Amino acid sequence: MAMKSVALFAASLTLGLSGSAGAQELRPESINDASVASIPSERPSSAAPRPEPAIVHLQVLLDRAGSSPGVIDGYYGENVTKAVAGFEAMQGLPADGKLDPQVIEKLSDGKPVIEPYVISEDDAKDLVESIPEDYAKQAEMEHLGYTSVAERLSERFHMDIDLLKALNPGSAFAVGGTVSVAIPGVAKEGKVKRIEARRRAGQVLAFAEDGSLLSVYPATIGSEESPSPSGTHKVKGVAREPTYVYNPKLNYQQGDNTEVLTLPKGPNGPVGSVWIDLTEPTYGIHGTPEPSLIDKAGSHGCIRLTNWDAEELAAMVKPGVIVEFTD
């Protein structure tokens, strides 16, 4: 695609995200004031052309409640419906995924979901110019870090990077600048006794020692070409900021790479910012460099979560935690 075409596409995307009608404008006040009660109880059959303020509001509330919608992007997608069902299950309600008045009442907290944030010097540290697709080239890098301040902030605040940029049109995301960001929930705390990975639903459920549901996450669980394991396994350990050993004989072949490669750590590595090792060799629960693709693109057999969801879950597990794969 020619550079001029790329520029025109980017401009049209920004305009489309910002919207023209008052009900669709993505401003902090329009999102904070948006009524979750205005959202249809069931997901529409066709996707909206642009992010909706009320959906952004709902996604933040679900995140705060411990039922992750994945990336906060303003779209009424499957991960929103699954998060509503997860919240219902946590509340002991029928888990039908429908946004009814009882669910809305239990979700609402009366607090702003979008607030200003001042970009710090730390936000601009350890950035890399780009991440090549070729693992051999990644293996030559020192760190698979964020490629921009905007990318770092989008992950910190659980946002889709396009939504972050649309909320802050014209921002250079420079140190000292103020931007509008989502304010998700603090990381869930507790001790997980059992994890259930539901393949068909594309969802991971974490249960406490007393059997109560602690948290729910949208997940990519294997693929047709590389299915996840079956049955019951256990957590073997947790590695934060892990390096990644690519072995085409044990895993899969990426591009023309036929040799074993060790890729450096970093949130943009193949397994993201954390690896929860399972007793089934070569399988684990891990993060991702592409959070917007959770449950939209297959994995190589592992359980893939957003980096922030994987980090939250990792803090609540210990070796011996049961991981059950179900259909």
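Student: Which residues do ring pairs link into a cluster?
Tutor: Tyr135, Tyr244, Tyr246 and Tyr252 are joined by ring pairs into a cluster. Keep in mind that this is a predicted model.

Student: How many aromatic pairs does the structure hold?
Tutor: There are five aromatic pairs in the structure. Take Tyr135 and Tyr244: their ring centres are 6.3 Å apart and their planes lie at 75 degrees, so this pair is edge-to-face. Tyr135 belongs to helix 6 (residues 135-138) and Tyr244 to strand 8 (residues 244-246), so to speak of sequence, they are 109 residues apart and the pair links distant parts of the chain.

Student: And what about Tyr135 and Tyr246?
Tutor: That aromatic pair is edge-to-face, with 5.3 Å centre to centre and 80 degrees between the planes. Tyr135 in helix 6 and Tyr246 in strand 8 are 111 residues apart.

Student: Tyr135 and Tyr246, buried or exposed?
Tutor: Tyr135 is buried, and Tyr246 is buried too. Tyr244 is also buried.

Student: How many bridges join strand 4 to strand 5?
Tutor: Five, and the two strands run antiparallel; strand 4 covers residues 203-208. Within that pairing, Val204 stands opposite Tyr217 of strand 5.

Student: How many residues of helix 7 are buried?
Tutor: Seven of the eight residues in helix 7 (residues 149-156) are buried, making the helix mostly covered. The buried ones include Glu151, Arg152 and Glu155.

Student: What do the buried residues of helix 7 pack against?
Tutor: They pack against strand 1 (114-118), helix 8 (161-167), strand 2 (178-182) and helix 9. Just after helix 7 comes His158, with a positive phi of about 60 degrees.

Student: Last one. Where does the charged end of Arg194 sit?
Tutor: The charged end of Arg194 is over the ring of Phe207, 4.2 Å from the ring's centre.

Terms used. Residues numbered from 1 in each chain as written. Predicted model: local features only at pLDDT ≥ 70, side-chain atom pairs only at ≥ 80, totals over all residues. Heavy atoms only, no water. Pairing = 2+ DSSP bridges. Helix = DSSP H or I, 4+ residues; strand = E, 2+ residues; numbered from the N terminus. Buried < 20%, exposed > 50% of the residue type's maximum accessible area, 1.4 Å probe, protein only. Contact = heavy atoms within 4.5 Å. Phe/Tyr/Trp six-rings, centres within 6.5 Å; stacked < 30°, edge-to-face > 60°. Lys NZ or Arg CZ within 6 Å of the ring centre and 35° of its normal.
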